[in-house]
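Let's take a walk through a protein together.

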Amino acid sequence: MNEFFWIMEYVASFIEISMCCVFCSIFLTKEKLGEKRYLLILWSGVGSLLTIILNRIDIFSYINSILFIFILFLIQILIYRIKIALSILLTLIYAVILTAVDFMTAYFTALILDSEAGYLLNVQSLQRVACILLSKSLLVFIIITLSRIFKKTFILMKKYVVIMCSYSIFLLISLFVMVELNMGKGNTKIEILLTTFFVTSIVVELFMFYFVIKTGESYEQEQKAGLIEMKNRMLQKSLDETEQAFKLWRSSVHDYKNNVIALMQLADDGNIEEIRKYLSRENELIDRKMFYIKTGNSIVDTIVNTKQNLAEKRGITFVVNAAIPERCNVSELDLANILGNLIDNAIEASVNEDEAYIDLTIKEEKMFLVMKIVNKYSGEFSKKLETTKSKKMFHGIGIGSIKSIVDKYGGEFSIKKQGDEVIAKILLPNF
């Protein structure tokens with residue numbers, strides 16, 4: 001009979017650990033468990049064995065409970081290997097649900113069987129087996145229900161993770177303290193009150209978690225709305241630049257037509273020498289007009305050449321040394337956004353400078369895409385790059401857009417002033 005009890009303890013621990021893995025998978029993976037289900041079974045089995053070893057020392061104790069929570073956390077790290085802070089939060093939330101369900105079931109079963117909750121928690125018996133079956137069935141039901149309700153992905157800000165972790169720890173301590181203070185008293189009213197408290201704990205914990213998720217979804221929607229607005233601005237800017245290109249093309253066609261008329265007139269007059277001089281001048285102009293920066297990416301070529309033309313019209317020397325690698329993990333839209341904003345800022349900052357210049361470098365270095373832009377600026381520099389109308393060259397929208405893209409790729413962005421130069425540098429992983 002003793003072996004039967006320990007088999008039931010092992011099964012209960014296996015269910016607890018596997019349900020923790022399922023609960024965490026809801027939020028830590030974008031796809032179904034797939035091949036991870038074998039890891040789940042493996043580590044649930046190992047974790048259950050460790051739990052049984054602890055239970056043989058003492059079936060119910062605070063030290064065992066803390067060690068069990070630690071085992072749960074380690075297993076999540078071994079299976080998912082990502083988002084440690086989120087893994088801690090999810091493990092603590094699950095621990096609150098598990099603890100509240102176990103205590104609630106123990107006190108409820110004690111009321112039904114006219115027994116003591118302390119006896120069901122500490123002594124192996126058929127009543128404890130009944131309690132285990134009831135509590136684990138309820139636990140599986142709750143976790144499966146949650147997996148149907150909650151979405152697979154969401155964003156959590158650090159402050160909410162800290163708040164939820166703190167609250168979960170407080171609730172766990174409260175649950176154990178309530179049990180410790182009333183262990184063995186056998187008062188029916190107290191047991192009803194405690195059962196209500198455990199149910200309320202589960203509801204409040206899940207409600208807070210739901211609120212945090214909805215807050216994260218709201219934040220994500222704001223981010224997406226901001227991104228759409230940014231894309232619309234970039235599209236409008238692209239349309240404006242395309243219109244300028246068409247105007248330049250129409251102007252070139254008009255000039256070409258006039259050139260043909262002039263050459264025909266010179267030919268009719270038999271003025272070969274003037275024709276030669278005319279063609280020589282046009283050849284020099286064509287050489288200058290045909291200078292086109294090629295970076296290896298057509299979108300970047302368009303942005304850089306358009307911005308260079310704009311800068312030179314404002315009397316700014318624009319030097320480019322750019323080469324985009326064939327295999328580039330950064331999307332063309334993000335490249336256009338980054339370079340468009342960086343160069344616009346540099347042009348606005350340099351426009352009133354004497355002997356103004358902009359130096360743009362793009363290269364791959366040690367598996368990183370490096371973008372560096374240097375421009376002359378002798379004015380006052382805002383280290384925080386705050387949005388102010390008096391500092392248009394560092395407007396917040398452009399810088400905020402750049403930072404958002406850099407964060408998306410896990411890169412680095414820095415901007416600083418050295419002497420009369422402002423240096424902006426971006427490193428994006430390209431592996």
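Which residues touch the most other members of the largest nonpolar core? Keep in mind that this is a predicted model. The core holds 62 residues, and the ones to look for are Phe-23, Tyr-94, Phe-198 and Phe-209. Several helices each put in at least two residues, among them H1 (2–28), H4 and H8 (188–269). The largest share comes from H4, with 17 residues.

So let's look at helix H4. Helix H4 runs over residues 84–113, which makes 30 residues. From first C-alpha to last, H4 reaches 42 Å, close to the 44 Å you'd expect at 1.5 Å a residue. Of its 30 residues, 22 are buried, so H4 is largely enclosed by the rest of the structure.

Now zoom in on Tyr-94. Leaving aside residues up to four places away in sequence, Tyr-94 touches Ile-15, Glu-16, Met-19, Cys-20, Phe-23, Leu-72, Leu-139 and Ile-143. Apart from this core there's another one, of 37 residues, including Ile-303, Ala-349, Met-371 and Ile-415.

Helix H11 (332–350), strand S3 (368–376) and strand S5 (421–429) each give two or more residues to the lining, with the largest share, four residues, coming from H11. Sort the lining by class and you get nine nonpolar, two polar and no charged residues.

Definitions and conventions
Residues are numbered from 1 along each chain as its sequence is written. This is a predicted model: local features need pLDDT of at least 70, side-chain atom pairs count only at pLDDT 80 or more; totals for chains, interfaces and linings use all residues. Side-chain values use heavy atoms; hydrogens and water are left out. Ala, Val, Leu, Ile, Met, Phe, Trp, Tyr, Cys and Pro count as nonpolar, Asp, Glu, Lys and Arg as charged, and the others, Gly among them, as polar. The expected span of a helix is 1.5 Å times one less than its number of residues. Buried means under 20% relative accessible area, exposed over 50%, partly exposed in between (1.4 Å probe, protein chains only). A nonpolar core is a set of buried Ala, Val, Leu, Ile, Met, Phe, Trp, Tyr and Cys residues joined through side-chain atoms within 4.5 Å. Contact means heavy atoms within 4.5 Å.
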